[in-house]
Amino acid sequence: MGKGGGCVPSKKKQPPVSDDPVSTTREAEPIPVNDEETNDVASTSLEPTISSKLKVFIVFYSMYGHVEGLAKRMKKGVDGVEGVEAFLYRVAETLSDDVLIKMKVPEKDVGIPEITAAELVNADGVLFGFPTRYGCMAAQMKAFFDSTGQLWKEQKLAGKPAGFFVSTGTQGGGQETTAWTAITQLTHHGMLFVPIGYTFGAGMFKMDSIRGGSPYGAGVYAGDGSREANETELALAEHQGKYMASMVKRLAQT
């Protein structure tokens with residue numbers, strides 16, 4: 001019973017009150033729904049946005065082309081991993097043109113742009129390549145790292161994976177130490193050092209020919225400058241690119 005003693009109202013929805021006598025005799029018509037619009041809204045609000053490819057920057061310094069050769073083969077490895085793309089960059093030269101001419105340094109590939117420190121923040125992962133100078137990175141690459149002070153101050157590169165690849169003149173010239181001494185640069189930036197270990201498999205154990213590279217990363221023996229990278233060295237570089245790309249992809253999914 002209601003408060004006024006009347007009948008209990010029906011739980012069924014009553015038709016809306018209207019001055020139109022027709023509307024009181026039938027249920028209100030449902031508002032038409034556009035299926036396409038509904039699907040668009042659902043896909044926009046519920047489905048994750050598909051981002052562009054992950055970026056691996058291959059940043060190098062190469063005087064006579066040995067490191068550059070590894071870098072280009074490394075790009076092939078990165079690009080071979082679905083959803084990841086490699087970009088080649090070189091760091092700025094610090095020697096004058098007169099000195100470079102006297103050293104018979106070949107012209108640089110104009111298709112590979114120079115990178116600035118600020119651009120590193122756009123990378124999801126970085127592979128740094130450089131020749132050795134007494135077991136350490138070449139001055140040109142060190143000058144580039146020295147220019148990243150603002151990034152270090154703001155820790156803009158913290159958490160980004162990074163690796164190294166090198167070129168040396170002799171078998172005892174720093175295939176490991178050149179990469180090892182460079183780790184300090186990553187440490188101060190909070191970056192994640194990604195060595196390749198022995199993931200290259202049997203190629204890491206070959207003793208029948210001269211081969212650069214180590215668990216730290218790919219490498220090439222340049223000798224007096226006339227020796228070119230052999231297929232094993234190039235294959236290791238390609239493997240490192242693929243390995244880094246897979247690591248970047250895995251980190252992005254966590």
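Me: Which residues do ring pairs link into a cluster?

Reply: Rings of Phe, Tyr and Trp (its six-membered ring) pair if their centres lie within 6.5 Å; planes under 30 degrees apart count as stacked, over 60 as edge-to-face and the rest as tilted. Such pairs join one cluster here, made of Phe128, Phe130, Phe144, Phe145, Phe164, Phe193 and Tyr216.

Me: How many aromatic pairs does the structure hold?

Reply: This is a predicted model, where local features need pLDDT of at least 70, side-chain atom pairs count only at pLDDT 80 or more, and totals for chains, interfaces and linings use all residues. Residues are numbered from 1 along each chain as its sequence is written, and side-chain values use heavy atoms, leaving out hydrogens and water. The number of aromatic pairs is 9.

Me: How many helices and strands does the protein chain have?

Reply: Both are DSSP runs, numbered from the N terminus: helices are H or I, at least four residues, and strands are E, at least two. The count for the protein chain is 8 helices and 7 strands.

Me: Is Ser167 buried or exposed?

Reply: Ser167 sits in strand β5 (residues 161–168). Buried means under 20% relative accessible area, exposed over 50%, and partly exposed in between (1.4 Å probe, protein chains only). Because its relative accessibility is 6%, Ser167 counts as buried.

Me: Which residues is Ser167 in contact with, leaving aside neighbours within four places in sequence?

Reply: Contact means heavy atoms within 4.5 Å. With those neighbours left aside, the partners of Ser167 are His66, Val67, Phe130, Pro131, Thr132, Gln175, Val220 and Ala222. One of them, Phe130, also belongs to the ring cluster. Across the protein chain, among contacts between residues at least 6 apart in sequence, the share joining residues at least 24 apart is 74%.

Me: With which side chain does the side chain of Glu238 make a polar contact?

Reply: Glu238 lies in helix α8 (residues 231–252). Its relative accessibility is 22%, so Glu238 counts as partly exposed. A polar contact is a pair of N or O atoms within 3.5 Å; within protein, one must be able to donate a hydrogen and the other to accept it, and residues adjacent in sequence count only if both atoms are side-chain atoms. At 2.6 Å, the side chain that pairs with Glu238 is that of Arg73.

Me: How far apart in space are Glu238 and Gly80, C-alpha to C-alpha?

Reply: In sequence, Glu238 and Gly80 are 158 residues apart. In space, C-alpha to C-alpha, their separation is 9.3 Å.
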